[in-house]
Amino acid sequence: MAQFDVVLEKVNKVFPGGTRAVIDFSVEIEHGELVAMLGPSGCGKTTTLRMIGGLEEVTSGKVYIAGEDVTEMPPAQRNSSMMFQSFALFPHRTVSQNVEFSLKMKGVPTAERARRVAEMIEKVDMTEYANRRPHELSGGQQQRVALARALISEPAVLLLDEPLGSLDYSLRQAMMVELKKIQRDLEMTFILVTHSQQEAMSLADKVIVMSDAVIQQIGTSREIYESPRTKFVAEFIGNNNLFPGVLKSRSGSMALVESNGSTIYVRISEGMKIPPIGREVTVSVRADLIHTGEHPNMGNTVRGTYVATQFLGSLETDVFEVAPGQLVHVEQHRSASERSYRPGQPEVLSWPADAGVIL
Ligand SMILES: Nc1ncnc2c1ncn2[C@@H]1O[C@H](COP(=O)(O)OP(=O)(O)O)[C@@H](O)[C@H]1O
Ligand SMILES: [Mg+2]
């Protein structure tokens, strides 16, 4: 087990009163990985992180850090460190004194302390600010101090609970880049909790998507984005269109799904789990893989009427109704779309068979 920095084996948490906050959580995290736990509020992310750090007892299951079973150990004995929201720096202490804190608590001798603090501050590129206090630093610099303070005890894993949660959008973007860079430079293992899809997808080597106390999917950002395994993941991640239907037949690598009176063709890819014929299924198609207009080579066409357009940066999403109450999102770069639709205007939507995923 030595190759993994963190292993959870069937970890469960039931709070007094009966709330099952985490159910059968198992994962293996390699050294140097940045892992994001992603999911809506209340799905059990913080509880899982606290069980890794020892701030919360597990109800059942095992936690290993750096190959050692730490399930019964208090936080101070675990080879982990926690960084809290809004950094929680001591306002009246200097950068050096903030970073030094945990070494002082552990009784590390003065000379060694000074050496290690100077090294750590150097690593996060804050040497010239060593004697400043937090209010004399920018948000990005405060984050670096908070990281240095959490990393000074040389933990095998750093645990971060919504570290960027309280920041405004532009600062958040800058800090994400910074956080990733420091993690790379130091070759550290980070586990980060977030409810922000964008944060998880842009930062993490591995994303653990959770809902209702269970893991929905573990994978790289790309895997989760391109091949959602469950309806929850497809709905939660990105701009996916879900077509409810019934699996009608399968021939070779092609599956046919009957949805609202039309037939959807889905190319079966490796790893796609296909239920028996006749079963209710959902076909998920990413909004950026659907095209407007007839494209005879694409295999799938549905007819709809234009409803509205949503703008986000250089992207626009045109929304069409293809059956009563069923909306389809079509995402494209704004420069590529020259049309302007009237509400109710008919349009044909097309996508290739390999754009769909059966859930
Ligand atoms: N100390 C506690 N006592 C009882 N229930 C709790 C406690 N902490 C969290 N919970 C419950 O456990 C579930 C998961 O909470 P949490 O791990 O904080 O979710 P998240 O971090 O994903 O928002 C929620 O239903 C929450 O209300
Ligand atoms: Mg939380």
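## Close-up views of a predicted model

**Close-up 1. Ring pairs join Tyr306, Phe320 and Tyr341 into a cluster.** Everything shown in these views comes from a predicted model. The structure holds six aromatic pairs, and one of them brings together Tyr306 and Phe320. A pair of aromatic rings is described by the distance of the centres and the angle of the planes. Here the ring centres of Tyr306 and Phe320 lie 5.9 Å apart and the planes meet at 70 degrees, so this pair is edge-to-face. Find Tyr306 in strand E16 (residues 300-312) and Phe320 in strand E17 (residues 315-323). The two residues are 14 residues apart, and their pair links distant parts of the chain. Are Tyr306 and Phe320 buried or exposed? Both Tyr306 and Phe320 are buried.

**Close-up 2. Helix H2 (residues 95-105) packs its buried residues against two other helices.** Start with the buried residues of H2: they are Val95, Ser96, Asn98, Val99, Glu100 and Leu103. Which helices do they pack against? Their partners are helix H3 (110-123) and helix H4 (139-151). Following H2, look for Gly107, where phi is positive, near 75 degrees.

**Close-up 3. Asn98 sits buried in helix H2.** With a relative accessible area of 0%, Asn98 falls under the 20% cut-off, and therefore counts as buried. Which residues does Asn98 touch, once neighbours within four places in sequence are left aside? Its contacts are Leu89, Phe90, Arg93, Pro134, Val145 and Arg149.

**Close-up 4. Arg93 and Arg149 each lie over the ring of Phe90.** Arg93 lies over the face of Phe90, 4.7 Å from the ring centre. The charged end of Arg149 is also placed over the Phe90 ring, at 5.2 Å from its centre.

**Close-up 5. Helices H4 and H5 pack together in a right-handed crossing.** Two packed helices are described by the angle between their axes and the distance between the axes. For H4 and helix H5 (residues 169-186), the angle is about 35 degrees and the axes are 10 Å apart. On the H4 side, look for Gly139, Gly140, Gln143, Arg144, Leu147 and Leu151. They meet Leu171, Met175, Glu178, Leu179, Ile182 and Leu186 of H5. How many of the residues in this contact are nonpolar, polar and charged? Seven are nonpolar, three are polar and two are charged.

Terms used: Residues numbered from 1 in each chain as written. Chains lettered and ligands numbered in written order. Predicted model: local features only at pLDDT ≥ 70, side-chain atom pairs only at ≥ 80, totals over all residues. Heavy atoms only, no water. Buried < 20%, exposed > 50% of the residue type's maximum accessible area, 1.4 Å probe, protein only. Helix = DSSP H or I, 4+ residues; strand = E, 2+ residues; numbered from the N terminus. Contact = heavy atoms within 4.5 Å. Phe/Tyr/Trp six-rings, centres within 6.5 Å; stacked < 30°, edge-to-face > 60°. Lys NZ or Arg CZ within 6 Å of the ring centre and 35° of its normal. Axes fitted to C-alpha atoms, helices over the stretch in contact; angles between N-to-C directions. Left-handed = near helix turned anticlockwise from the far one by under 90°. Nonpolar A, V, L, I, M, F, W, Y, C, P; charged D, E, K, R; others polar.
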